[in-house]
Amino acid sequence: MATTGRPRAMSGTIPSMESSAHEALKDNTIIVVLGASGDLAKKKTYPALFGLYRMGFLPRDVKIVGYARTKMDDAEYHKRITSYIKIADDDAEGKAAVEAFKGFSFYVSGGYEDSPSFENLNKFLENIESKYQSKERNRLFYLALPPSVFIPVAQHLKEQCYSKDGKNRIIVEKPFGKDLESCRTLLGSLKQHWTEDETFRIDHYLGKEMVKNILVLRFANIALNAAWDKNSISNVQITFKEPFGTEGRGGYFDEFGIIRDILQNHLLQVLSILTMERPVSFSAEDIRDEKVKVLRAIPPIERNDTLLGQYVAANGKPGYLDDDTVPHNSVCPTYAATTLWIHNPRWEGVPFILKAGKALNEAKVEVRIQFKDVTQGIFKDISRNELVIRIQPSEAVYLKLNTKTPGLNTRAIPTEMDLTYKRRFTEVKIPEAYEALILDALRGDHSNFVRDDELDVAWKIFTPILHWIDGKNGPAPKPVPYPYGSRGPKELDSFIAKYGYKRTVPEYTWPLMNVAAL
C-alpha cells in the first residue's frame, strides 16, 4: 500500500506558514493601546486582547497600557475596557479571567502631539520594565486613533517611547488617506519613523475566517482551481450589506463615503485574494507579491461602470439627509456598485462587481462566483452554477449545481453542496478577526496585513472615481435614491445584468427548498 511518507497528524500542514523567520513576542512585552477611551478600542481591541488572553495566546506576564486624552481613574478605565466583553452569568471562570485581565491593564492619560506627554508614558513603561528579569523589552503599539493624529503619534512613539533593548511594532488602523496623494503623504511620514517590517496596517477583513479560507479553497482543491478563470467564470460579485444607516455618525461618514469606507479596502482585499496567482509559498511576502501583481493589472474604474445611491426615509426610518450631522445638500453615496476589470490572461473580460451599501434589507458579506452557461442543446433555461462564499454572518461555502428532481419526473433543478460551518464544525469557535490579527502582529507575521505598495496600487484604481464623486472634476454626480430597508437602488438589477449576471430560477432558495413549489 502506498504511503504519503508523512505522519497522518501532519497532513494538510503548510510549512511556509510555520517559518521560524517570524519573530514572536513571547516574554517581556507591553501592549500599548493608543486611543484607549475610544469606540474602536472598547468594542474591538480590548475584547480581542481579552479573547487572546483567555485562550492563552498573549505573551507571558504581558502588561496592557491604555493611553488617551481622557482623564479617568483605573476603575473607570477598567469598566470601559470590559464593557463589551461578553461573559455568561454562570461562567465563574470567565468572570475570574476578566478580573485578572483588569489586573494587568493600566491607564495613562496625555496628549497626542506633545513630547512631555509621551515622555510621561515612557516613564510609566520603563517602571513596568524595571521589574523584568532579563534585558529584553518588547513594545507593541496599537493606534486605535483617527487618521488626523497618526503622524504626530507615530513620530512621538519613535522619539520618546521606542525600546532600545527589544522589538518594537506599530499597528495602524484604516483609513490610510483619502486618495492616492494623501495616502502617499501618510505612508511617507510613517516611513520616516517606522520601517515596513515594524509596521502592521490592519484591514480587519484579512483576519476574517472565510477570507483566510479563500487561499486554501483555491490552492488546495484541484476541482475548484481548474475552473478558476475566464474560460469557466462569467462574472463575480463581492457584496457588503448593512441593515442600518449612519445613526448620528453621518458627519464622519460624509467625509469618507461608502467607497472609501468599504470598497477601496475591505472588498478590494477580498478581490485580490480571489484573483491572485498561486504564490511560491504561503509566507507573507510571497502572498503579498501576488496580490500586488494582480492589482496592478486593474485599470482605474470608469464612471459608466459605477452606480451610486443614497438612502431615503422609509419603513419609519429616517433618510441619510435626515441625520442632523449630515450637510443638508450632501450628495455623498451610501451605496455604490463598481465594476472592475483585470487585464491578464486568467481574467481578461470577466467583470468583478463590488457592491456595498448602508440601510439595506439585511446584514451580509459574500462572494458570488457565477459560472458560464452549459452548452445548449440538451437543456432549456437551465440555471448556472454558482460558488458562494458567505463571509458573514453564518460562515458558509456552497456550490449551486443542477440535479435531477427527486421522483419519477426527469427535470433538472438547482440545488447545492452546502458547507455551513455551524453545522459541519460544531465544536469550533471561530475567532474574531481582531483576535487573529493581533496574534499575527505578536508573532511578527505580515501575511494578513496591507503592504505599502499594495495600498498605493489600490488608491490608483479608485482615486479618479473618488475625485469625480467629490466634485473635483466638474459637478459631483447625484446618487439615485433607494428606500431604507430595501435591497438597494432599483437600477441595481439592470446594472448587474449588463455584465452578464443571470438570476437563478425564483423558486430556488438557500438553504431550504420546497420541491412541490417547482
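Arg80 and Glu76 sit four residues apart in helix H2 (residues 74-81), about one turn of the helix; helices (H or I, at least four residues) and strands (E, at least two) are DSSP runs, numbered from the N terminus. Their side chains meet in a salt bridge, at 3.4 Å from N to O; the term stands for a side-chain nitrogen of Lys or Arg within 4 Å of a carboxyl oxygen of Asp or Glu. Arg80 is partly exposed at 23% relative accessible area, and Glu76 is partly exposed too, at 31% (buried means under 20%, exposed over 50%, partly exposed in between, with a 1.4 Å probe and protein chains only).

This is a predicted model, where local features need pLDDT of at least 70, side-chain atom pairs count only at pLDDT 80 or more, and totals for chains, interfaces and linings use all residues. Residues are numbered from 1 along each chain as its sequence is written, and side-chain values use heavy atoms, with hydrogens and water left out. In total, the structure holds 36 salt bridges.

Another of them pairs Asp179 with Lys472, at 4.0 Å from N to O. This pair links distant parts of the chain, 293 residues apart: Asp179 is in the loop between strand E5 (168-173) and helix H6 (180-191), Lys472 in the loop between helix H13 (452-469) and strand E15 (480-483). Asp179 is buried at 10%, whereas Lys472 is exposed at 52%.

Then there is Glu386 with Lys400, whose closest N and O atoms are 3.1 Å apart. Glu386 lies in strand E12 (residues 386-392) and Lys400 in strand E13 (residues 396-404), so the bridge ties together parts 14 residues apart in sequence. Glu386 is buried at 0%, and Lys400 is buried at 5%. Through shared partners, salt bridges join Lys241, Glu362, Lys364, Glu366, Arg368, Glu386, Arg390 and Lys400 into one network.
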